[in-house]
Amino acid sequence: MRGTNDAPWRIGTRGSLLALTQAGHVRDALIAAGQQAELVIVKTAGDKSSDPVQTIGVGVFTAALRDELGAETVDIAVHSYKDLPTAPDPRFTIAAIPPRQDPRDALVARDGLVLGELPAGSVIGTSAPRRAAQLRALGLGVEIVPLRGNLDTRLSKVANGVLDAVVVARAGLARIGRLDAVTESLEPVQMLPAPAQGALAVECRSADTELVTILSALDDAGSRAAITAERALLAELEAGCTAPIGAVAEVVESLDDDGRVVEELSLRACAAAIDGSDVIRASLVGPVADAAELGRALARELLELGARDLLSVTEEDTAEHTDNSNSSPTENNQ
């Protein structure tokens with residue numbers, strides 16, 4: 001019987017510090033609930049490749065974990081949710097979305113500078129076309145260069161003077177205890193984060209109904225609603241995790257017609273041209289229970305405003321803005 005000292009639940013994870021820390025939180029939560037669990041490190045194609053993420057393929061960081069889950073060599077997989085393909089896999093269930101970390105992007109800059117203080121010509125490293133597009137759209141006159149490597153590698157490029165700044169996910173720094181390096185947390189009005197950034201997906205086989213029930217105790221309803229809306233938007237746009245789409249949802253309080261306080265879901269999103277020449281933004285507020293439809297409705301609004309044309313240009317031009325000058329094995333969700 002799984003969950004005992006003799007047969008602990010096997011949690012599949014990548015071997016990076018960030019991935020191990022994320023999976024470790026799930027392991028510790030299971031142990032606190034009286035279930036025994038252990039981590040099993042799984043090598044992924046992304047860990048072995050030095051190619052840019054967008055050329056390796058969507059889902060590369062989750063495919064190996066899912067293979068092990070399907071082969072029953074692990075019982076649970078812990079993913080950075082934003083790495084998962086938008087198309088559901090009926091073999092598996094996202095049994096829990098634990099409380100989400102702050103989804104914002106973070107700037108780590110030399111001399112403690114914030115984004116607006118960086119002089120024209122400053123060199124900023126980032127791994128995501130989404131970040132690059134939104135940075136260019138701000139018109140600050142900075143140079144954007146591609147960036148790979150684990151968080152320590154990325155931060156060291158600033159400390160060593162190779163780059164003036166890097167932009168990474170604030171959640172990753174929080175999870176490994178490096179928030180001290182952040183010189184500015186970028187507000188959504190400056191840069192909308194990737195859909196599901198800062199959230200974990202705790203996945204198991206759909207047929208393991210007992211385990212689904214056990215893991216569901218780790219689920220956070222507000223985080224699930226927000227992620228559902230953001231991912232529905234991404235799916236409706238038929239865009240992958242490397243597309244320059246930003247989205248963030250949050251549960252907010254408002255007043256109904258009778259003056260009573262009710263909870264609603266606020267969703268903001270954008271689509272950007274990779275060269276920063278245009279950014280389309282839109283937002284909606286709706287019932288928390290209608291999270292998926294809210295995401296789809298906002299995606300349709302973005303499409304009506306011309307998002308498809310921006311994304312088409314982006315798909316053609318992404319290669320022009322990507323090279324391997326900073327390549328090394330990646331630590332995704334950054």
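A residue is called buried if its relative accessible area is under 20%, exposed if that area is over 50%, and partly exposed in between, with a 1.4 Å probe and protein chains only. The model is predicted, so local features need pLDDT of at least 70 and side-chain atom pairs count only at pLDDT 80 or more, while totals for chains, interfaces and linings use all residues. Residues are numbered from 1 along each chain as its sequence is written, and side-chain values use heavy atoms, with hydrogens and water left out.

**Exercise 1. Classify Cys 204 and Cys 270 as buried or exposed, and state how many disulfides the structure has.**

Step 1. Cys 204 has a relative accessible area of 0% and is therefore buried.
Step 2. Cys 270 also stands at 0% relative accessibility, so Cys 270 counts as buried.
Step 3. A disulfide is a pair of cysteine sulfur atoms within 2.5 Å. A search of the whole structure for such pairs finds zero.

**Exercise 2. Describe how strand β1 is joined to strand β2.**

Step 1. Helices (H or I, at least four residues) and strands (E, at least two) are DSSP runs, numbered from the N terminus. Two strands pair if DSSP finds at least two bridges between them.
Step 2. Strands β1 (residues 9–13) and β2 (residues 37–41) run parallel and are joined by five bridges. One of the partners is Ile 41 in β2, which is bridged to Thr 13.
Step 3. A crossover is right-handed if, with the strands pointing away from the viewer, the path from the first strand over the helix to the second runs clockwise. With helix α1 (residues 17–32), β1 and β2 make a right-handed β-α-β unit.

**Exercise 3. Determine which strands are joined to β6, and whether the residues on its faces are buried or exposed.**

Step 1. Strand β6 (residues 123–126) runs parallel to strand β7 (residues 143–146), and four bridges join them. Val 123 has Glu 143 as its bridge partner in β7, and Thr 126 has Pro 146.
Step 2. Two bridges join β6 to strand β8 (residues 165–169), again in parallel. Here the partner of Ile 124 is Ala 165.
Step 3. In a regular strand the side chains alternate between the two faces of the sheet. In β6, Val 123 and Gly 125 lie on one side, Ile 124 and Thr 126 on the other, and all are buried, which leaves both faces covered.

**Exercise 4. Explain why helix α5 is described as largely enclosed.**

Step 1. Helix α5 (residues 129–137) forms a right-handed β-α-β unit with β6 and β7.
Step 2. Seven of its nine residues are buried, so α5 is largely enclosed by the rest of the structure. Among the buried residues are Pro 129, Arg 130, Arg 131 and Leu 135.
Step 3. Just after α5, Gly 139 takes a positive phi of about 65°.

**Exercise 5. Describe the largest pocket by its volume and its lining.**

Step 1. On a 1 Å grid over the protein atoms alone, a cavity is a set of points where a 1.4 Å probe fits but cannot get out; a pocket is an open set with protein on both sides within 12 Å along at least five of seven lines, and lining residues have an atom within 4 Å of a point. Grid points are joined across faces, edges and corners, and a volume is the space filled by probe spheres set on the points.
Step 2. The largest pocket holds about 420 Å³ of space. Its lining has 21 residues, and those closest to the centre are Tyr 81, Thr 86, Pro 88, Ile 94 and Arg 231.
Step 3. Two or more lining residues come from each of β4 (92–96), α9 (221–236) and α10 (291–304). The largest share, six residues, belongs to α9.
Step 4. Ala, Val, Leu, Ile, Met, Phe, Trp, Tyr, Cys and Pro count as nonpolar, Asp, Glu, Lys and Arg as charged, and the others, Gly among them, as polar. By these classes the lining has eleven nonpolar, three polar and seven charged residues.
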